[in-house]
Each structure stands twice: as structure tokens, then as C-alpha cells.
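The briefing is arranged by topic.

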Amino acid sequence: MFNPKEYRLPKTDFPRFDGVDPKLWKDKAEKYFRLFKVPAHMWSPFATMHFNTIASMWLQTYEAQHSVETWAELCVALDNKYGKDNYYHHMKDILQCRQTEDVSSYHTLFNEFMHKVLIHNDALDDVFFATKFMEGLKPHIRNALVLHKPRTVDAALSLALMQEELLDNNLKRYSYRAARNSVNLSSDIEKPSSSHDKGLLLVSPKRSYP
């Protein structure tokens, strides 16, 4: 079992609370407490020393009307104040998430929303997130994935990246052929005629008489 006394631990600052995602902050704070073996009765007063100005002002007002003596009481109060609607907003974000650039950029954004949702509801399974990920892909990439029915986001991402690379390669080949054909056509048009008295279709133009 890991024993901090046997190692020279790097200096780690306690995570500050800025009023955003209290559940995520709670997880980080508890990891800090356990890692540095902070006594449980010190968790609440120690944590509140690391609130930003707005959160500190709210806590001062809240404590004047309620008792906040334990870590559990503090976490409930923070969730009621700052986290009550977070699950709704995070779920809305993931349902509306759409690919606007490349697949990798879309996955980075989707992955962020996915983990924020899981903080509030870890019962959602891989198929749910894989389905939502595919729905947000651009149609010309999504359509190629439907028959494969990927059951995880990682599997869907792998297929989407392959489809994106295939489409990019096809576009490059098409652009190369189009450019080459354009050059050949220009050469044919600009090629000087061997006869000055013939028209465009190599037929002698009619001589007009006054």
C-alpha cells in the first residue's frame, strides 16, 4: 500500500473552489485530504480557507443562518447552491454537441461534456454516449458508421477518424486530377496552330468579299 512517508512528495496546492462544478472540486479535495492524511474533522475548515472571494462571501452569509460543521454538511450546501442545475446544463450540452471542425476537435469537446455528465449520473452506459457521439458527427462521416454499430465512444472515434482520412485522401486525389486536367486543357488551348488560315475547328474560314 502506498505510504506518503516513504516518498518525497511534490508540493501540491489545495484545489480552490470558484463556484464551478462542486462535485468535481469535492473529488479533488478528498484526494488531497487522503493523500496528505488530513484529519476528517479538519476537512471543512481547511477547505473553506481556499474559497474565492464570492464563494467566501456566500459561505459567511450561509453560516450565519445554518450550521456547517462537517465535511458532509459543507458539500451538501455547496451542491444546493452551485451544483443544482449543473446536471441539466451538462446533459443539454452533450445532446446539442455537433461536429463543426475535424473529428478530433469534436471528440475533445464531446469527451469533456461526457465526463461532466458522468459526475452527476454514472448509470449512463457506453451505448448511450456512443449513440450521441455518432449523432453529432457530420453526415458524410456518420453515415459510414451506422452499419458498424459501435458500442463505445472510443470505437466510434476510431471509425470516424478512418472515414475522415479516407475522405481527405479521396479529395486530394480528385483535386490532383482536376488540376492536372486543367493544365492539360490549358496547354491544348494555348498550343499555336500550324496553319494561320484555319479556324478553331481546323476549317478554313470563308473569305468575305466587299
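A contact here means that heavy atoms lie within 4.5 Å. This is a predicted model, in which local features need a pLDDT of at least 70 and side-chain atom pairs count only at pLDDT 80 or more, while totals for chains, interfaces and linings use all residues. Residues are numbered from 1 along each chain as its sequence is written, and side-chain values use heavy atoms, with hydrogens and water left out.

**Confidence**
- The protein chain has an average pLDDT (the predictor's confidence in each residue, from 0 to 100) of 84, and 78% of the residues score at least 70.
- Confidence in the protein chain is highest in helix α7 (residues 126-135), with 97, and lowest in α9, with a mean of 78; helices are DSSP runs of H or I of at least four residues, numbered from the N terminus.
- Residues 193-210 have a pLDDT below 50, and this stretch makes 6 contacts in the model beyond near neighbours in sequence.

**P150**
- P150 lies in the loop that joins α8 (139-145) and α9 (153-190).
- Leaving aside residues up to four places away in sequence, P150 touches A130, M134, L145, A155, A156 and L159.
- Although 20 residues separate P150 from A130 in sequence, their C-alpha atoms are 6.8 Å apart in space.

**H50**
- H50 sits in the loop between α2 (43-48) and α3 (53-63), and H50 counts as buried because its relative accessibility is 17%.
- Not counting residues up to four places away in sequence, H50 touches F14, P15, R16 and F17.

Note on methods. Helix = DSSP H or I, 4+ residues; strand = E, 2+ residues; numbered from the N terminus. Buried < 20%, exposed > 50% of the residue type's maximum accessible area, 1.4 Å probe, protein only.
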